[in-house]
Amino acid sequence: MATVKFDNASRTYPGNDKPSIDKLDVDIADGEFLVLVGPSGCGKSTALRMLAGLEEVNVGDIWIGDRNVTDLSPKDRDVAMVFQNYALYPHMSVADNMGFALKIAGINKSEIAKRVQDAAKILDLEEYLERKPKTLSGGQRQRVAMGRAIVRQPQVFLMDEPLSNLDAKLRVQTRTQIASLQRRLGVTMVYVTHDQIEAMTMGDRVAVLKDGILQQCDTPRGMYDHPENVFVAGFIGSPAMNLFDVPIVDGGVKFGSSTYPIERDFLTGEGKEVTLGVRPEDLSINEAGEGLPVTVDVVEELGADAYIYGSTTETAGDIKPIIVRVDGRTPPKKGAVVHLTPKKGEHVHLFNPESGLRIGG
C-alpha cells in the first residue's frame, strides 16, 4: 500500500476562470480511509479523478508513495477506481468482469482464478460468479465492482459515490461492509460522497470541500466538536448546527432574554456581533422562561428522543429556524412556545460573522 499527497494541486477546466480544485493540500497516510465530502459542484469528484489520472493537474503535484504521479497515465498509477454506475460488462459473467483487467494485463489464468475466488469469498459473491450482472441486485453489482478493484491489488482504492444508486437500507448496510473491508485489507482508500452521514461513519478522517477549496480535514469527532468555520459547522452534523448572529454584551453574548457567559478577552476585537453555533443536543428548555423564545412548528418523535423544529424572531429580527433535541417521552406540543438556553460547557461555538472563521482557535 502507499501514502497519497495532494501538494497544492489545482485543476481549472478550459474556458473557466475559477479553478474547480484550488491548491488542494492533503496528506493521506498508508492504510488510511479518507472521505472527500461537500455539496454538489464542490470539486470532490474532480479531486478524485485528478488522483486517478483522469483529469489534468494544472498546478501543483500528486504523489503516491514516493512517486510523483502528476504526469503519469492512469494505468501507471497503480490505483483502482469504483464508479457510481459500477461500469460492468453486461455480456460477461461476474467472474469474467472481476478478472478482466488482469486478463488484459497478461496475468495467467490460474492466478486470475485464484484472485477472483479470494475476492468473491471476501465479498460473499462465490455463488454468483457464473451469473450475468443483469441477474444481480444493485448491492450485488456494487460488490462485483469492488471485487474488480480488489483483484488488481492496487496501492490505492478510489471510490466515487459508489452507494448513491442504492436504496436507503442497503446503503447503510453496504457502507458498513466497505468500511469493514477497508480495515481488513489495510488499504489506502479515498472515498467521495455528498452524504455527510456517510462521511462521518466511514472515514478515519474527513476532508470538507466548498467551491474547490479545502475547508477542514480532521477526524469525524474533531470536525463535529471543533469546526473551523461556519460552513463546516453547518454542513457536518445531522440535524445541522443552529447558527445565530447575536450581540456582544457585558459578560458574554445576548441569547434571547438571557446572557450566555463568555470571558471578555475571548471576544476582544470582534466588533458588536458574533455568530453563535450550538447543536440541537446542546440546547435545553428553560422552565423559568429565560432565554430564546421559540414557537414549536413540528415535533418529530423518535422513541427515546424527539426533535422539535421551531422558529424565533429574536435573532436579528428575521424568522430563524431552530432544531432542538428533547426527551422523547415528554416533548412540547406543536404550537407551544418554549424558551431555550445553551447548556454550559465546551459545546457552544463562536465564529466571526464576516470571515466565518472560528473565534478562539
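1. Which side-chain oxygen reaches the backbone nitrogen of Lys 169 at the start of H5? In this predicted model, the oxygen belongs to Asp 167, and the two atoms lie within 3.2 Å of each other. At the other end, H5 is followed by Gly 186, which has a positive phi near 65 degrees.

2. The length of helix H5 (residues 168–185) was checked against expectation. Its 18 residues, at 1.5 Å a residue, should span 26 Å, and the C-alpha atoms at its ends are 26 Å apart, so the two values agree. The buried residues of this helix are Thr 174, Arg 175, Ile 178, Ala 179, Leu 181 and Gln 182. Viewed down the axis of H5, they fall within an arc of 160 degrees and therefore line one face of the helix. On the other side of H5, Lys 169 and Arg 184 are exposed.

3. The cover over the buried residues of H5 comes from both helices and strands. It includes the helices H3 (109–122), H4 and H6 (196–202), together with the strands E3 (33–37), E7 (156–160) and E8 (188–193).

4. The largest nonpolar core comprises 44 residues, and Met 98, Ile 178, Tyr 191 and Val 208 have the most contacts inside it. Helix H4 (residues 138–151) gives the most to this core, contributing six residues. A second, separate core has 28 residues, among them Val 26, Ile 64, Val 69 and Val 79.

5. With neighbours within four places in sequence left aside, the contacts of Met 98 are Val 116, Ala 119, Ala 120, Leu 125, Leu 129, Val 144, Gly 147, Arg 148 and Val 151. After H2 comes Gly 106, whose phi is positive, near 85 degrees.

6. How many disulfides does the structure hold? The number is zero. For Cys 42, the nearest cysteine sulfur is that of Cys 217, 13 Å away. Cys 42 has 1% relative accessibility and so counts as buried, the limit being under 20%. Cys 217, at 25% relative accessibility, counts as partly exposed.

7. Ala 87 has a positive phi, near 55 degrees, and is found in the loop between strand E6 (79–82) and H2. Its relative accessible area is 38%, which makes Ala 87 partly exposed. Glu 161 also has a positive phi, of about 45 degrees, and is found in the loop between E7 and H5. Glu 161 has a relative accessibility of 13% and therefore counts as buried.

8. Where is the cis peptide bond that has an omega of about 0 degrees? This bond joins Ser 238 and Pro 239. Pro 239 is found in the loop between helix H8 (230–235) and strand E11 (242–249).

9. Apart from neighbours within four places in sequence, Ser 258 is in contact with Val 253, Gly 291 and Thr 341.

Conventions: Residues are numbered from 1 along each chain as its sequence is written. This is a predicted model: local features need pLDDT of at least 70, side-chain atom pairs count only at pLDDT 80 or more; totals for chains, interfaces and linings use all residues. Side-chain values use heavy atoms; hydrogens and water are left out. A nonpolar core is a set of buried Ala, Val, Leu, Ile, Met, Phe, Trp, Tyr and Cys residues joined through side-chain atoms within 4.5 Å. Buried means under 20% relative accessible area, exposed over 50%, partly exposed in between (1.4 Å probe, protein chains only). Helices (H or I, at least four residues) and strands (E, at least two) are DSSP runs, numbered from the N terminus. Contact means heavy atoms within 4.5 Å. The expected span of a helix is 1.5 Å times one less than its number of residues. The arc is that of the directions from the helix axis to the C-beta atoms. A polar contact is a pair of N or O atoms within 3.5 Å; within protein, one must be able to donate a hydrogen and the other to accept it, and residues adjacent in sequence count only if both atoms are side-chain atoms. A disulfide is a pair of cysteine sulfur atoms within 2.5 Å.
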